Structure formats: C-alpha cells, structure tokens
Amino acid sequence: MTDQFPGPKTRQALERGVPLFRNGLRFDEELEKAGRRGFRTANQIVIDHVEGDFIWDLDGRRYIDFQNGWATNPIGNAHPEILEVVDAAHRRYGFHYDHPLRYDLAEMLAQIMPNKALPRFNYEVSGTEAAEAAVHLALTHTKRRYIITFSSAYHGMGLGTKQLNGLDGEMTRYLEAWTGGVIKAPYPYSDQSPAGMSQEQYVDYCLWYLDNHIPGCIAPRNNIAGILVEPGLAEGGNWIPPTNLLKGIREICDKNDWLMISDEVLTGLGRTGKMWGIEHYDVIPDILVVGKNLSGGIVPCAGIASKDEILGDTDGFLSGSTFAGTPAGCAAGIKTLEIYERDKVVEHAAKLGELAAEAMRQWEQYDIVRQVRGNGLLLGVSFESPDPAEKNWWYARSVRNRMLNHGVWAISDREDTIRMYPALNMDEKTLLKGLDIMHEAIRYVNEHGQVEGDSPAWPTGVAGF
Ligand SMILES: Cc1ncc(COP(=O)(O)O)c(C=O)c1O
C-alpha cells in the first residue's frame with residue numbers, strides 16, 4: 001500500500017499505455033495541462049482484482065465500487081454463480097449461434113417486460129448495437145425516415161449511435177455525411193430552465209417542441225418513425241425525467257402514430273429500483289433496448305424487445321453479429337434473472353435508493369452542489385463553481401479526486417456531474433460508507449476550493465482510455 005496516488009505500479013501501467021493506445025502522443029501536453037489545473041485523469045485505476053462491492057488497484061488500494069464497470073455489474077463484481085454458469089456454457093457449447101439458452105433467456109425476458117407487452121426479443125452484442133437495431137426496426141416498420149432523440153442522450157459509440165447522441169457536437173465532427181435522419185429535441189433538465197421558466201413550463205415547452213416545432217419546421221409528421229428516449233438520461237448526467245415528460249411522449253407518439261423506443265441499456269434491469277426505468281412513468285414503449293446488466297457483469301448480452309406486430313414480421317436487418325446471444329452471454333443473463341428473483345435484488349435496490357436519497361439530501365447545503373438527484377440507484381450530483389470565472393466541471397473532478405484518494409470510485413467523465421452506480425445488491429453499510437466518504441470530499445472541496453493540492457497531478461484522457 002502506498003500513500004502516493006496513483007501509486008507507482010498503477011502509474012507505471014498507465015505509462016505503458018503511452019506508446020500503445022489512443023492519445024498517448026498527447027501525454028506530455030496533457031500532463032502539463034492537468035498539473036496546472038491540479039487534476040488527475042478520469043482514468044487512473046488499473047485493477048488488480050475485484051470482489052463483490054470492492055475493487056483493488058495494482059498498488060493494493062481498495063475502493064468501494066460506485067463505478068460498477070460503467071453500470072454493468074448488477075450483483076457486484078465477479079459474482080461466483082455467474083462465473084460458474086458462464087464457465088459451464090463455454091465448456092458445453094463453445095461458441096455457436098444455435099444453442100437452447102437463447103430460447104430460455106428470451107422466454108424469461110418476455111415474462112418481465114413491462115405489462116408483458118413486449119414478448120419478442122432480438123439478441124445483439126452491445127448496447128450500441130441494440131440501440132441501432134431499435135432505430136432500424138422503427139424505420140423499417142413505419143417505412144419512415146426520421147428519429148427524434150434528445151440533448152444529453154447517450155446511445156452508444158457506433159457510427160449510427162454517435163448521430164443519436166446529444167452529448168457533444170465534437171463527437172460527430174467529420175461524420176457530417178452520415179447525419180441524415182436524426183432530429184435532436186431539447187431535454188428538460190431538472191436543475192436549470194431557460195428564460196426563467198418553471199420546471200412545468202420547461203417540460204411543456206419540450207413536449208410542444210416535439211409535437212409542433214419538429215413537424216412544423218423540421219420534418220413532415222408522417223415521415224417521423226418515432227422518439228428514442230432514456231427513462232433516465234444516464235451517461236448524459238443521470239437526469240431523472242419528470243413523469244409528465246414520458247407520459248407526454250407516449251401521448252404524442254400515439255397521436256402521431258410514432259413509435260416510442262425506451263433505451264434501457266443503463267436504466268433497465270433494476271437500476272432505478274424497478275425492473276425497467278419506464279415503469280416509474282406508467283407507460284409502455286413499443287420497443288425496449290436492453291444491455292449492460294443482462295451480462296451479469298461477466299459476458300456481454302444485449303438486445304431489443306418489442307411487440308408481435310413490430311418484431312414478429314420485419315424487413316429490418318437486425319442482429320447480424322456473430323456474437324449476438326452467445327451461449328455464455330445467455331447463461332449469464334439467465335442466472336442474473338434467477339438471482340434477481342431469489343434474492344429480491346430489485347426490491348433491495350429500491351431500498352438502497354431511499355437510503356442514498358436521504359444521505360445525499362444533506363449535500364445541497366454546500367455552495368458547490370447545484371443539485372443531487374436519484375431514481376433508485378441511478379444517482380448523480382451536479383456541481384457549480386461559486387466563481388463564474390471557473391468551470392463547473394473542475395469542482396466535480398476535484399471531488400472525485402478526493403473520493404479516489406479516500407477509497408471510493410465513481411464516474412466523472414467530461415461533465416460537471418459525478419455519477420454513482422452501486423451494485424443493486426450492495427451491502428447497506430458499504431453504500432453508506434461510500435456516501436459518507438463522498439460527503440466528506442464535497443465538504444472539503446467546498447471549503448478549500450477546486451484544487452486539491454495535496455497530491456500529484458496526473459493527466460486527463462491519455463494513455464489508453
Ligand atoms: C442508454 C445507453 N444506451 C446505449 C449504451 C451503449 O451501450 P454499450 O456501451 O454496451 O455499447 C449505453 C452505454 O452506456 C447507454 O447508457
């Protein structure tokens with residue numbers, strides 16, 4: 001164990017990435033830049049081993065895991081029962097497409113879909129592919145050209161999904177020739193409304209934009225295939241949508257004969273304390289996108305669920321991927337759902353969500369905290385600089401640095417938010433301990449300012465990540 005952070009072994013490993021990985025050539029420049037600001041990179045941990053709610057880095061430091069493999073380990077790290085079935089599936093089936101587990105898992109998923117209304121399933125490898133398949137399905141089913149998505153949305157990193165994302169214009173630079181067919185709509189953020197609008201007015205405006213501005217000014221009503229929405233804008237900052245937004249979207253889709261697609265890659269399978277995020281809003285989508293948690297934290301498994309009349313007879317070329325619905329991926333999904341039922345994992349997540357909300361409410365007393373928010377275990381805190389000359393995200397990064405120094409790993413990527421994704425079955429004490437450490441980090445940065453100053457700077461966004 002070492003006091004230096006990142007410790008020498010971790011640092012050495014990160015430096016090994018310099019000649020190997022993306023942006024290694026920017027290493028010196030980024031190091032200098034980060035040093036000036038006093039930050040360290042978003043990616044500074046190289047994992048030595050994991051167990052349950054904890055990870056250890058190469059230098060032997062232990063962290064409470066709020067990062068959760070980017071919200072992909074629903075029942076903790078390397079769950080032994082998942083490992084066992086994955087190993088058994090590998091030994092029994094090797095890799096082949098035509099194995100019985102894909103039927104078993106699809107039957108289980110049909111049973112847990114909202115209102116059992118989406119009985120058909122189409123396997124994909126990743127959330128990215130699944131989101132793209134959902135859009136392709138909607139376009140081919142409706143024989144229309146346009147899809148509506150939202151600001152701050154994140155649907156993946158394929159050529160198609162990069163167009164659907166609403167995160168950063170830079171993501172589609174040089175991809176301008178590929179951008180046809182996606183219409184971006186404003187999302188009503190809960191912590192800031194334009195022009196002095198109330199939250200309700202902002203939501204009304206966003207719904208008005210969908211139903212009036214887009215058909216009036218951007219694309220003909222009858223050439224729009226549907227609206228793609230996350231019931232919790234996850235990567236974009238863990239924004240929790242108000243009920244009337246999702247209900248309004250459903251009504252607009254019904255009225256216009258558009259399809260509603262719920263991207264539940266991150267919110268799905270218990271993350272929000274219900275099986276599906278959309279269930280908080282009492283609406284049923286036409287297509288639901290699944291990923292992440294279905295892997296049981298071990299082997300990728302993703303796909304889309306939809307209605308008979310949409311997915312039962314489609315001209316869409318959906319999954320063509322060799323590795324869609326692998327035996328091991330399906331085995332992991334099946335065992336994950338069995339454990340959910342046996343251990344009442346979703347109910348546990350809902351209870352943890354309440355505890356987290358109670359703990360986090362106290363943080364709004366700090367000047368640098370703009371908002372705390374959560375739905376189940378989809379948890380976020382956005383930060384704001386008390387000084388307009390300084391950037392908000394510097395504060396988020398500083399708090400996260402201090403959390404790392406004190407043994408909690410959470411996500412603060414390129415945003416002014418810290419996002420936390422504890423495992424759904426995390427032990428109560430571990431959750432509260434992690435939140436306590438985070439509280440202390442917020443208090444410290446609130447008092448001392450954005451630069452932590454007590455530990456060496458480390459570059460951002462370089463050497464392999
Ligand atoms: C809502 C949503 N959709 C799609 C994706 C892409 O999934 P993957 O990274 O598995 O391709 C993500 C990933 O974070 C996501 O949060």
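The model is predicted.

**Ligand site**

The shell around the ligand consists of Ser126, Gly127, Thr128, Tyr154, His155, Gly156, Glu230, Glu235, Asp263, Val265, Leu266 and Lys292. By class, this shell has three nonpolar, five polar and four charged residues.

| Residue | Protein atom | Distance to a ligand oxygen atom |
|---|---|---|
| Gly127 | polar backbone atom | 3.0 Å |
| Thr128 | side-chain N or O atom | 2.6 Å |
| Glu235 | side-chain N or O atom | 3.4 Å |

On its own, the ligand has 390 Å² of accessible area, and the protein covers 85% of this area.

**Second largest pocket**

The volume of the second largest pocket is about 430 Å³. Its lining comprises 22 residues, and those closest to the pocket centre are Glu132, Val135, His136, Leu139 and Gly160. Two helices, α6 (127–142) and α7 (159–164), each contribute at least two residues to the lining of this pocket. The largest contribution to the lining comes from α6, with six residues. Sorted by class, the lining of the second largest pocket holds 10 nonpolar, eight polar and four charged residues.

A polar backbone atom of Gly127 lies 3.0 Å from an oxygen atom of the ligand, while for Thr128 an N or O atom of the side chain lies 2.6 Å from a ligand oxygen atom.

Definitions and conventions: Residues are numbered from 1 along each chain as its sequence is written. This is a predicted model: local features need pLDDT of at least 70, side-chain atom pairs count only at pLDDT 80 or more; totals for chains, interfaces and linings use all residues. Side-chain values use heavy atoms; hydrogens and water are left out. On a 1 Å grid over the protein atoms alone, a cavity is a set of points where a 1.4 Å probe fits but cannot get out, and a pocket is an open set with protein on both sides within 12 Å along at least five of seven lines; lining residues have an atom within 4 Å of a point. Grid points are joined across faces, edges and corners, and a volume is the space filled by probe spheres set on the points. Helices (H or I, at least four residues) and strands (E, at least two) are DSSP runs, numbered from the N terminus. Ala, Val, Leu, Ile, Met, Phe, Trp, Tyr, Cys and Pro count as nonpolar, Asp, Glu, Lys and Arg as charged, and the others, Gly among them, as polar. A residue is near a molecule or strand if one of its heavy atoms lies within 4 Å of it. A polar contact is a pair of N or O atoms within 3.5 Å; within protein, one must be able to donate a hydrogen and the other to accept it, and residues adjacent in sequence count only if both atoms are side-chain atoms. Accessible areas come from the Shrake-Rupley method with a 1.4 Å probe; for residues, only the protein chains shown count as cover.
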